[in-house]
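Please read the numbered points beside the sequence and the model.

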Amino acid sequence: MRDQPLRRPISVAEHRARVAALVERTPVVRLPLTDCLGLVLAEDLVSPISLPPFDNSAMDGYAVRAADLAGADQDNPVELPVAEDIPAGRTDLVPLEAGTAHRIMTGAPLPPGADAVIQVELTDGGTERVRLFRAVAQNSNVRRAASDVAAGDRVLVAGTALGAAQLGLAAAIGRTELPVRRRPRVLVLSTGSELVEPGQPLLPGQIYESNGTMLAAAVRAAGGEAELLRFVPDEVAAFHAALEPRLAHVDLVLTSGGVSAGAYEVVKDALADRGVTFTKVAVQPGGPQGAGRYQGVPVITLPGNPVSSLVSFELFVRPALLAALGHERVDRPRVRATLSQGITSPAGRTQYRRGVYDPASGRVVTPVGGPGSHLLSAMALANCLIEVPEEVTELAEGDEVAVLVLAD
Ligand code: AMP
Ligand code: MG
């Protein structure tokens, strides 16, 4: 098994399908609305109440009978006694008598007998008596009960991604919790005896550990929960000792490093023949990959080079995490763009180059940095991945490419 990976590489699509098959949907739980941002509604949401729940005023002004204002204009105002004051939140409703007005605020309940509201700007603003300088049509400035939602309406369907508007609507119909699939718990485990905690001094040959921070952020951005284990040395016994006690608590283990063709490949040494298959994927960066189950828990092993790690997270892991949450759309937006400069790509591998895509500039994409998988600063400048198909080895300025948009 140890040497099996060096057979024909598998395609990006094949590895993606393997990873997708590994990660199951998480169970449905009820979570407070404040914890639901970015999650997916697991059942249809039906409103027990109407919105608005009662007829109310759309303006600060005066509740009136439209007929009482017939013929009013700037030169011939109608003057009415102000019988009541109705701020928002007043719950006792006094009927409006003909020939009177109630001062009323936005969102306050329309009194029975009133059929219109005239905004304060068209009056003298009086509190005892009010002069009204305009006639109004019936229903003017009135928000009718159920004009937004009728009691019993299905306001959101299962599968809806929950953003600000959806959570606002859930609160507006009186919900405190929603049924969602819980966030997948991901153990992010970084291997490498050269890795040092940021903030500590570096000896020659050491580097700061960065994949853990990066992958944990990527997991969270995809809706998962990340547990970080950052300094696992390149020793099989230490790897097992770090991993084993945590297996029971997580839905997925995501490792970085220790999977390529050299010696001291700790992840490969520890997990090959134990349920995880190590493969070469026809992709650059991120060729060496592994996926499988270890003691029943899904494991995805990413390569250690930071750009390889993040690009393979994008291609393989992010879609699987989104699917686990119940998202229907798991792919980044894919657009066609024109290259601002030529690039080369290895034969037989799909290349994902980091780029800056600017839709405002006529859909032009500019590669940033070279193909090297250690070029993290270029990745940090990029907002997209430029996809160069397996068979293409050269592209010229002005050529059209597919672009995966990562951020605005
Ligand atoms: P590996 O896949 O373990 O052979 O690592 C490939 C390259 O990525 C090496 O240069 C490592 O030092 C680097 N690398 C591996 N893991 C990390 C990490 N967690 N943070 C930063 N660099 C890493
Ligand atoms: Mg390593």
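1. Helices H3 and H6 each supply at least two residues to the lining of the second largest pocket. Helices (H or I, at least four residues) and strands (E, at least two) are DSSP runs, numbered from the N terminus. A pocket is defined on a 1 Å grid over the protein atoms alone, as an open set of points where a 1.4 Å probe fits, with protein on both sides within 12 Å along at least five of seven lines; lining residues have an atom within 4 Å of a point.

2. This is a predicted model, in which local features need pLDDT of at least 70 and side-chain atom pairs count only at pLDDT 80 or more, while totals for chains, interfaces and linings use all residues. Residues are numbered from 1 along each chain as its sequence is written, chains are lettered from A and ligands numbered from 1 in the order in which they are written, and side-chain values use heavy atoms, with hydrogens and water left out.

3. The second largest pocket has a volume of about 310 Å³, a volume being the space filled by probe spheres set on grid points that are joined across faces, edges and corners. Of its 20 lining residues, Ala 161, Arg 318, Leu 322, His 327 and Arg 329 lie nearest its centre. The lining comprises eight nonpolar, five polar and seven charged residues. Here Ala, Val, Leu, Ile, Met, Phe, Trp, Tyr, Cys and Pro count as nonpolar, Asp, Glu, Lys and Arg as charged, and the others, Gly among them, as polar.

4. The largest pocket has a volume of about 460 Å³. It is lined by 27 residues, of which Glu 194, Gly 257, Gly 258, Gly 304 and Asn 305 are the closest to its centre. Strand E14 (207-208) and H6 give two or more residues each to this lining. By class, the lining has nine nonpolar, 14 polar and four charged residues.

5. Which residues of H3 are buried? They are Asn 211, Gly 212, Met 214, Leu 215, Ala 216, Ala 218 and Val 219, where buried means under 20% relative accessible area, exposed over 50% and partly exposed in between (1.4 Å probe, protein chains only). Their cover includes E12, strand E15 (225-232), E16, E20, H6 and helix H7 (376-381). Just after H3, Gly 223 has a positive phi of about 100 degrees.

6. The largest nonpolar core holds 38 residues, and Val 219, Leu 254, Ile 300, Phe 313, Val 317, Leu 321 and Tyr 352 touch the most other members. Such a core is a set of buried Ala, Val, Leu, Ile, Met, Phe, Trp, Tyr and Cys residues joined through side-chain atoms within 4.5 Å. Among the elements that give two or more residues to this core are helix H1 (12-22), helix H3 (211-221) and helix H6 (306-324). H6 provides the largest share, 11 residues.

7. One joins Leu 51 and Pro 52, with omega about -15 degrees, and Pro 52 is in the loop between strand E2 (45-46) and strand E3 (56-57). The other runs from Gln 284 to Pro 285, with omega near 0 degrees.

8. Asp 273 is a residue other than glycine with a positive phi, near 70 degrees. Asp 273 lies in the loop between helix H5 (266-271) and strand E17 (276-280), and counts as exposed because its relative accessibility is 54%.

How values were computed:
Contact means heavy atoms within 4.5 Å.
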